[in-house]
Amino acid sequence: MTKATFAIVGAGVAAATAADTLRAGGFDGRLVMIGREADPPYNRPTLSKERLRHEISDQQTLMHPLEYYGSKEIELLLEHEVRRVNVQENAIEFSTGSALAYDRVLIATGGQLRYLTVPGGETQGVYYLRSLRDCRCLSDALGQRPRVLVVGTGFIGCEVAASARTVGCDVTLVGNSAPLAHALGAEFGDLYAHYHRAQGVEVRIGTSVERFEGTDRLKRAVLLDGTRVECDVAVIGVGVAPALEVLRNQPVSIENGILVDEFCQTSAPRVFAVGDVACSWNPRYATRIRVEHFDNAQNQAMVAAKAMLGPAEAYNPIPSFWSNQYSYNLQYRGYAPAWDSLAFRGNTRDASFSAFYLKGGAIAAVCSLNRYKENYTAQRLIGKHIERRLLEDDRINVKEIEV
Ligand code: FAD
């Protein structure tokens, strides 16, 4: 009997994890992973941190050494662009014109950069950061200790600003809102503005770039408020959008990502989707959530791979993510698209604290700085109504709070 062919479109963390799980789960058919980049799956979060600062090599960013894929009989097709997943014909169509028939396909195409369309945006010295290739270029540029302008106060912008400053660059960080405020709220925005300023970063909030100037090379940026920022390098971090082109004109439900159920199954038979590109039903919160974080990509991929093999457990997580800037390790667990107030315990100025996001009296999420264990332990309080004074009293171990 012919063995089944499973294809994975994309070669990021979700793809690599799914392939591992399929083999570990006993799948012995043909397994093909297709990625447009030249590098095998790597750990993208290092690109704004250790790899950007040259603290680790390209090799150390890899999920697995290249030989691993051969040893597991995973056909890794690098520098292969998938033009379309034809869900009616059960075929993957490559941009070269060739095709691959599949029995099941997992779409793990991740996110694609949003671009800042301003005059001078193509000037040499203006960078974006998504791939290892982008990181090599930016990392080399930072090696010259340029004056750096970072545009965007989200996670990537803040981490790049921190890394550039750590390696000794003069850094200006500009954005419409305070650092991380879009995700974590105004209190965190004020704190992160303070942390960055304390490290010598010039933080300008409530503005963005109107244009870049420079003929051969970047010379300066003119901001919307008229300020001129002299800079040699600009890094744009204005977010990503789900990479959906492979399903263009296909009968698959899409809405802020590929819609999937709690088993990562799309509306089309035999087609699954995971990671940054998927907008997944979360039974715990009874809503669809699209998450652009590493843990989600990895955990969801395990569920999808099991579902491709047969009955699987539903993906029902408490979302979590982290961010590292300077010596500040941030850990977040929960889901709080909106909240009424925050209850803080610990010391915000010394960056050792946890903040509980309260909604309707219940804990929706907890975000901690330099308190990994507390954050981990506190997830058992999520969804519970706990007296505020217990949350705020740093002498009480969260382990001991009764639920
Ligand atoms: P991706 O990692 O984006 O992989 C998708 C792959 O598919 C890519 O390699 C892409 O080239 C390929 N692809 C797309 N379309 C096609 C096509 N048509 N044909 C062939 N191949 C295709 N998350 C955290 O939780 N904490 C962090 O600290 C953190 N730091 C980050 C720092 C940076 C610089 C970046 C960019 C992201 C960071 N993230 C972080 C987010 C995290 O890396 C992503 O959530 C995660 O990589 C998503 O994995 P994925 O496999 O879904 O997609």
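Okay, ground rules. What you see is a predicted model, where local features need pLDDT of at least 70, side-chain atom pairs count only at pLDDT 80 or more, and totals for chains, interfaces and linings use all residues. Residues are numbered from 1 along each chain as its sequence is written, and side-chain values use heavy atoms, with hydrogens and water left out.

Let's start with helix α1, residues 13-24. Helices here are DSSP runs of H or I with at least four residues, strands are E runs of at least two, and both are numbered from the N terminus. At 1.5 Å a residue, the 12 residues of α1 should span 16 Å, and the end C-alpha atoms are 16 Å apart, so the two agree. That expected span is 1.5 Å times one less than the number of residues.

Is α1 enclosed or open? Largely enclosed by the rest of the structure, because 10 of its 12 residues are buried. Buried means under 20% relative accessible area, exposed means over 50%, and partly exposed is in between, with a 1.4 Å probe and protein chains only. Among the buried ones are V13, T17, L22 and R23. They pack against β1 (5-9), β2 (30-34), α3 (66-71), β3 (74-77), β7 (104-107) and α8 (294-309); contact here is heavy atoms within 4.5 Å. Just after the helix, G26 takes a positive phi of about 95°.

Now, the ligand. There are 34 residues around it, and E37, R44, K49, R130 and D276 come nearest. To be in that group, a residue needs a heavy atom within 4 Å. The shell divides into 15 nonpolar, 10 polar and 9 charged residues, where Ala, Val, Leu, Ile, Met, Phe, Trp, Tyr, Cys and Pro are nonpolar, Asp, Glu, Lys and Arg are charged, and the others, Gly among them, are polar. Our helix α1 is back again: α1, α5 (155-166), α8 and β22 (320-325) each supply at least two shell residues.

Last stop, V260, in strand β18 (residues 258-260). Buried or exposed? V260 counts as buried, because its relative accessibility is 1%. Leaving aside neighbours within four places in sequence, V260 touches Q265, T266, A273, A278, C279, S280, W281 and R288. Take W281 from that list: V260 and W281 are 21 residues apart in sequence, and 6.3 Å apart in space, C-alpha to C-alpha.
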